[in-house]
Amino acid sequence: MSDYIFSSCQQSKLFLADKIASIYQDSAPKIFEYHGEWGSLAVSQQHYNGFLPFENEQHICVVLGAPVLYFRDNNFLTKTDSSFATESIYRRWVVEKKMIWDKDLSGPFTVFLIDKTLKEINAVTDLMTFIPIYNHTKSSDVWLSSHVDALAKACGEQYELDEVSLADFILNDVVTFPFTVYKNIRQLKPGTAYHWQANEQNPTESIYWQPLEEFNFASIDQAATELRSGIQRYVNTVSENMPKLAQFISAGEDSRALSGMLPQEKSRDAYIFLDHMNREGIIAKKVAKAYKANFTAGYRSKTHYLDILPEASILVGAGHQYTHAHSLGFDKKYKLAEYPAVFGGYLSDSLLKGAFVPKVRGAGRFPFVPDFEINRSPVGKSLSKYISIVNTDVLESIKLRQSEHFEFIKRIRPTTANEWFVLYPASMRVAIPNYYSTRRLFKSYEPFLSHESVKVASSVPTSWKLNRRLFNRAVKPFLKPSQYMLHADGRLPYFSFIPNIPLQSSIWFYRHIAKRLGLIKGNQGPWGDWANVFSSEQWNNQLQENSKKHKLSFFTEDIVRLAKSNQLNSSQKTSLMQVLNFVKIREPLSYLTEDAQTRK
């Protein structure tokens, strides 16, 4: 299923379904409701086949995220929708008691189980909580949901906003785990099985997996082989019986590695979304041709990312950046929900290339310079420069929360805590709303979110990740068809870092000179041009309107002036607008899909 809300206190019919429906601005999916002395549950139907709720006399079992099942075949993915996969997971877990969560299931998931007889509940999160689960307790009542705003509306917490979390989100792109933008709602831990007994607020917790700092591979080649075979197994298992596939493509190396993983004998449609046909699109089109995929480019308006703000913000939930919902709108235009699978290449940079390993300041400006790790704590990063515009107490509270999370990470990964601070759990990654949105829009599959990828990423030294060493060795066979096609940043991904230095540096210098001379104009990248958005009349009007109605007390400066100044970067300005919009629209929506079904 896409989302659920559970309350251990029985609710009136359609009450919880209405809150799930509020996630969708247009038409909500079918919503199932269950009620009994044990409480109430609402579940929305997801796009993936085989994962409808399973119910018998004693239990109700719900699975979100469509994990790949490794203890049996996955033929249900291409058959008429059913609860076949959910029942298989239920039987292996509850009846046979054989479930090994980190081996039997791969990819994002959460599993939820209600024992109607004993009035007990169980919730299991995936390795990284790629699908976050939010918890609220009130008196002896337990509330759980996969969507933070829907939960807040259901349990009456929508007005109890946490100003520290809101400031944290605006300044740092994410809300530090385990907090949310609501004072009394928290995130559950990753890799953990929770059990609540009847009338008990506090669950027992059983951690089944953590990214412990255990480097077990004898060599980088061994790790690369394990990674390559793991992600290929994931892709093959998903696509085995699918006649046609879709994928996202770009001028980068992750999407062309994905292109090589996908079965070449099957029809594949490759999509890219751009401001206009630019360098990114031209290269992506060549890559698609090299892998014999059908290429389609979708074009955004200049204010696209402002236009989608209301709908995308609701879809991904407060405290998560809406701007990463890149597919929103295009999913309907290109009917992505009709494909049996839509593949992406998200998170390989973060997990496998050391993108967030602390490096020498300024090194990112020169991509051809080798990466070298330095010891720099992420706690309080850059907070001091906001002393003049944000309440000092709020900044100190943010730093304290970051310190607590950092200590949690250090207990798991003593020497690589600086990197994993922003990796674990997945809600600490700024771009994870990309997956939050795609899984609610179509059958989204991300091979680099598979447990094979996650486990290798956690089991290798940082030095193997830097300069693309591990990634290049793992995916090199997949890059063969495009070996002489440039990456958007001016290198050849098929080759290792060292041979690329002279090539990439020459192209880098040429482009910078050409841009200054006016020979290269416009946005050449895949994402929107924020300069166009910030200079638009629509942006300024919306900013003026929202700032008049809503004041954020933790700012000591005028919001409009800040949003137009250089004191906030582009990401912070869009997060500020998102928060202002969120404050404005956090009233529950009143409509309910006609497909909502109620079961007793």
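I looked up D331 and K332 first. In this predicted model, D331 forms a salt bridge with K332, with the closest N and O atoms 3.8 Å apart. I call a salt bridge a side-chain nitrogen of Lys or Arg within 4 Å of a carboxyl oxygen of Asp or Glu. D331 is buried at 7% relative accessibility, and K332 is partly exposed at 48%. Here buried means under 20% relative accessible area, exposed over 50%, and partly exposed in between (1.4 Å probe, protein chains only).

Working notes: residues are numbered from 1 along each chain as its sequence is written. Local features need pLDDT of at least 70, side-chain atom pairs count only at pLDDT 80 or more, totals for chains, interfaces and linings use all residues, and side-chain values use heavy atoms, with hydrogens and water left out.

Next I checked R72 and D73. Their side chains meet in a salt bridge at 2.8 Å, N to O. R72 is partly exposed at 26%, and D73 is partly exposed at 37%.

Then I turned to R439 and D3. This salt bridge spans 3.5 Å, N to O. R439 sits in helix α15 and D3 in strand β1 (residues 3-7), so the pair ties together parts 436 residues apart in sequence. Helices (H or I, at least four residues) and strands (E, at least two) are DSSP runs, numbered from the N terminus. R439 is buried, with a relative accessible area of 2%. D3 is buried too, at 0%.

Last, I looked for a network. Salt bridges link E253, D254, D349, K353, R468, D489 and R491. The salt bridge count comes to 24.
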